[in-house]
Amino acid sequence: MVEPTTRRGTGWIVFAGIMLALAGAVMFVNGLWALHASTAIENGFKGQLLFSDTDLDTWGWIYVAVGAVIFVAGLCVFARMQWARWVGILAAMVQAILAFFWIFTSYWPAAIATIIIDLLVIHALSAYGDDREYAL
């Protein structure tokens, strides 16, 4: 019998890693933008921002930090590191839950697509992200 050269679920792991790295990179770039444009946005939307007594720099730093962690976790998913698997599952769960708030708005197609992609990432990481070898 010929031994398989790849582990079971490698395609799913590649999908999950790419999606997490992409989401982390987008979040990181959004944080950098918030840090750069915080003064202009605050002056234009005075009193309309969430927690308006703080500035957009705080949200920018939060997005930069969380985006960097999710990006690194996405890259580490390729090596099937367990901490990256759990960070990815947690990030996808939080994003899917938050996407439910957008279903009854005009952005419902994006919310449905986000939920579907998050569920696929959760499936990939929970079914195939374990470090054990599987028998085919």
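The model is predicted: local features need pLDDT of at least 70, side-chain atom pairs count only at pLDDT 80 or more, and totals for chains, interfaces and linings use all residues. Residues are numbered from 1 along each chain as its sequence is written, and side-chain values use heavy atoms, with hydrogens and water left out.

Q: Which residues is V77 in contact with, leaving aside its neighbours within four places in sequence?
A: I13, G17, L20, A84, R85 and L125. Contact means heavy atoms within 4.5 Å.

Q: Why is helix 1 called oblique to helix 5?
A: The two pack at an angle of about 130°, with their axes 9 Å apart. Angles under 35 degrees count as roughly parallel, over 145 as roughly antiparallel, 65 to 115 as roughly perpendicular and the rest as oblique. The angle therefore makes helix 1 oblique to helix 5.

Q: Which residues make the contact of helix 1 with helix 5?
A: Helix 1 brings W12, I13, F15, A16, M19 and L20; helix 5 brings I117, L120, V121, H123, A124, L125 and Y128. They divide into 12 nonpolar, one polar and no charged.

Q: Why is helix 1 called roughly antiparallel to helix 3?
A: These helices pack at an angle of about 160°, with their axes 7 Å apart. That angle makes helix 1 roughly antiparallel to helix 3. The residues of this contact divide into 19 nonpolar, seven polar and one charged.

Q: How do you know whether R80 is buried or exposed?
A: Buried means under 20% relative accessible area, exposed over 50%, partly exposed in between (1.4 Å probe, protein chains only). R80 has 6%, so R80 is buried. R80 lies in the loop between helix 3 and helix 4. Its phi is near 55°, a positive value in a residue other than glycine.

Q: Why is A110 called partly exposed?
A: A110 has a relative accessible area of 46%, so A110 is partly exposed. A110 is found in helix 5.

Definitions and conventions:
Axes are lines fitted to C-alpha atoms, for helices over the stretch in contact, and angles run from 0 to 180 degrees between N-to-C directions. Helices (H or I, at least four residues) and strands (E, at least two) are DSSP runs, numbered from the N terminus. Ala, Val, Leu, Ile, Met, Phe, Trp, Tyr, Cys and Pro count as nonpolar, Asp, Glu, Lys and Arg as charged, and the others, Gly among them, as polar.
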